[in-house]
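Reader: Before I use this entry, I want the terms set against their cut-offs. Please take me through them.

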Amino acid sequence: MLAALTGLGLSTAAGLNAYIPLLVVGVLSNLTDTVRLPDGYAWLSNWGVLAIIAVLLAAEVVLDKVPAVDSVNDAIQTVVRPASGGVVFSATNAAAELEKSSWMTEHPWVGWLLGIGVALAVHAMKAAARPLVNVGTAGAGAPVVSTVEDAGSLGMSLIAIFLPVLVIVALVLLAVLSWWLLRRVRRLRARRRAARSQPPG
């Protein structure tokens, strides 16, 4: 069950930022015994690959904080983030160890599907919320929300690996935060519309 929670947490993190969980898993597999990559995923611990991921992460961090550009980036990431979710779910053996199921072990592609599905759902929520944030805050909210998302991705990745039992709690907090943010942005938009509709003077 813990392996499943690890995979779920990492896939959720990938939905927020594709590169952070990949980097966390790769670095930890090199420097600690916490993450042991299964056969076929040794490439993820290659320092050259990790350097490329780090460069992509740096670009993502910058682009995702620019209003309008962030929406274009989200469109591109519609493929990248789910793929990352599939990789980190499978690379951490989450699917193979899910409930100690021999069927899951014999069908590793299921791990890919689970990781892709979770990351895609989180990505869709993020991509839908960002335009509302940009419009509701006149673009000022983009860097703030993006920073929160990056921090959430890093935090979720570390929780998933070191304290997987807390993944459920983290997911609940993420859902509550998203709900609160959307309500706040919608209220701001409603106030601006009301202000515009009022006759001058």
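Author: Helices (H or I, at least four residues) and strands (E, at least two) are runs assigned by DSSP and numbered from the N terminus. The model is predicted, so local features need pLDDT of at least 70 and side-chain atom pairs count only at pLDDT 80 or more, while totals for chains, interfaces and linings use all residues. Residues are numbered from 1 along each chain as its sequence is written, and side-chain values use heavy atoms, with hydrogens and water left out.

Reader: What makes residues 109-129 helix or strand?

Author: By DSSP, the chain there is 100% helix and 0% strand, with end C-alpha atoms 30 Å apart. An unreviewed UniProt entry lists 109-129 as "transmembrane region", along with 42-63 and 158-182; such annotations may be inferred rather than shown by experiment. Residues 158-182 are 84% helix and 0% strand.

Reader: How do you know what span to expect of H4?

Author: The expected span is 1.5 Å times one less than the number of residues. H4 (residues 69-91) has 23 residues and reaches 31 Å, close to the 33 Å expected.

Reader: Where does H4 bend?

Author: At Gln77, by about 50°. The bend is the angle between axes fitted to the seven residues ending there and the seven starting there.

Reader: Why is the Lys126 and Asp64 pair called a salt bridge?

Author: The term requires a side-chain nitrogen of Lys or Arg within 4 Å of a carboxyl oxygen of Asp or Glu. The closest N and O atoms of Lys126 and Asp64 are 3.1 Å apart, so the pair qualifies. Lys126 lies in H7 and Asp64 in the loop between H3 (47-63) and H4, so the pair ties together parts 62 residues apart in sequence. The structure holds 9 salt bridges.

Reader: Which residue follows H7 with a positive phi?

Author: Ala138 does, with phi near 55°. H7 (residues 109-136) has 28 residues and reaches 41 Å from first C-alpha to last, close to the 40 Å expected.
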